[in-house]
Amino acid sequence: MTETADFPSENPRPSGWLSRAEINRIRAQVPIVYVDAVPVRVDESGDVVAVGLLLRVTPEGVMTRALVSGRVLFHERVRDALLRHIEKDLGPVALPQIPASPQPFTVAEYFPTPGVTPYYDARQHAISMAYVVPVHGDCTPQQDAIDLAWITPEEAVSEAVQVEMHGGSGFLLRQAMAHVGRAV
């Protein structure tokens, strides 16, 4: 992972970082910044040949396919947030290739009210910068992910996969595949 700012170890939560109660209070009042990453495998010419989707269980017990996603922390660069979340979800040797000047392929606006945009998150209003990120290393599901499946771009945009994705992540995945020229 790239270097991030070091904070004194005597303070476990640097000034400006939020506790669980504080983040819940803020989520009810202010949009939160996130990153979404679509992990891909590319061939020698840079064409996307596989898309990595995580299998997770929601708090309600529903199996769902998911992208790498997470909050950008206070005092954290976007590229560091991408690297941190990819490592958290795909393992420490995923070897993501973040460009020198990362540009999102879209900005997704998640609302706690269904239907405002294609993106929905019951917890909060969130703004997420979305990236397609080639990974070259060994990827294994981490944290709360049960499995990691590598599928073709055509399978990724199929109805069978789309129904397994929630909160607009299927729509985001279709946008990602269109961005890399793999929309059907």
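Q: What makes the place of I86 part of a helix?
A: I86 lies in helix α2, residues 78–90. Helices are DSSP runs of H or I with at least four residues, strands are runs of E with at least two, and both are numbered from the N terminus. This is a predicted model, in which local features need pLDDT of at least 70 and side-chain atom pairs count only at pLDDT 80 or more, whereas totals for chains, interfaces and linings use all residues. Residues are numbered from 1 along each chain as its sequence is written, and side-chain values use heavy atoms, with hydrogens and water left out.

Q: Which residues is I86 in contact with, leaving aside its neighbours within four places in sequence?
A: I86 is in contact with A37, V68, G91, A94, P96, I98, V133 and V135, where contact means heavy atoms within 4.5 Å. The C-alpha atoms of I86 and Y34 are separated by 13 Å, and these two residues are 52 apart along the chain.

Q: What makes the pair E76 and R84 a salt bridge?
A: The closest N and O atoms of E76 and R84 are 2.7 Å apart. A salt bridge is a side-chain nitrogen of Lys or Arg within 4 Å of a carboxyl oxygen of Asp or Glu. Since 2.7 Å is within 4 Å, the pair E76 and R84 qualifies. E76 is buried because its relative accessible area is 15%, while R84, at 23%, counts as partly exposed.

Q: How many salt bridges does the structure hold?
A: The structure holds eight salt bridges. One of them joins D80 and R77, with N to O at 3.0 Å. D80 has a relative accessible area of 1% and is therefore buried, whereas R77, with 44%, is partly exposed. Another joins R123 and D121 at 2.8 Å. R123 is partly exposed at 49%, and D121 is buried at 13%. Salt bridges with shared partners also join R56, K88, D89 and D144 into one network.

Q: Why is R27 said to have no salt bridge?
A: The nearest side chain of opposite charge to R27 is that of D121, at 6.5 Å. Lys and Arg count as positive and Asp and Glu as negative, with His and the chain ends not counted. The 6.5 Å distance is not within 4 Å, so R27, although buried, has no salt bridge. R27 belongs to helix α1, residues 20–27.

Q: What makes the pair R27 and Q124 a polar contact?
A: The two side chains approach to 2.7 Å. A polar contact is a pair of N or O atoms within 3.5 Å; within protein, one must be able to donate a hydrogen and the other to accept it, and residues adjacent in sequence count only if both atoms are side-chain atoms. At 2.7 Å, the pair R27 and Q124 is therefore within the limit. Beyond its neighbours within four places in sequence, R27 is in contact with R20, I32, Y34, R71, R123, Q124 and H125.

Key. Buried < 20%, exposed > 50% of the residue type's maximum accessible area, 1.4 Å probe, protein only.
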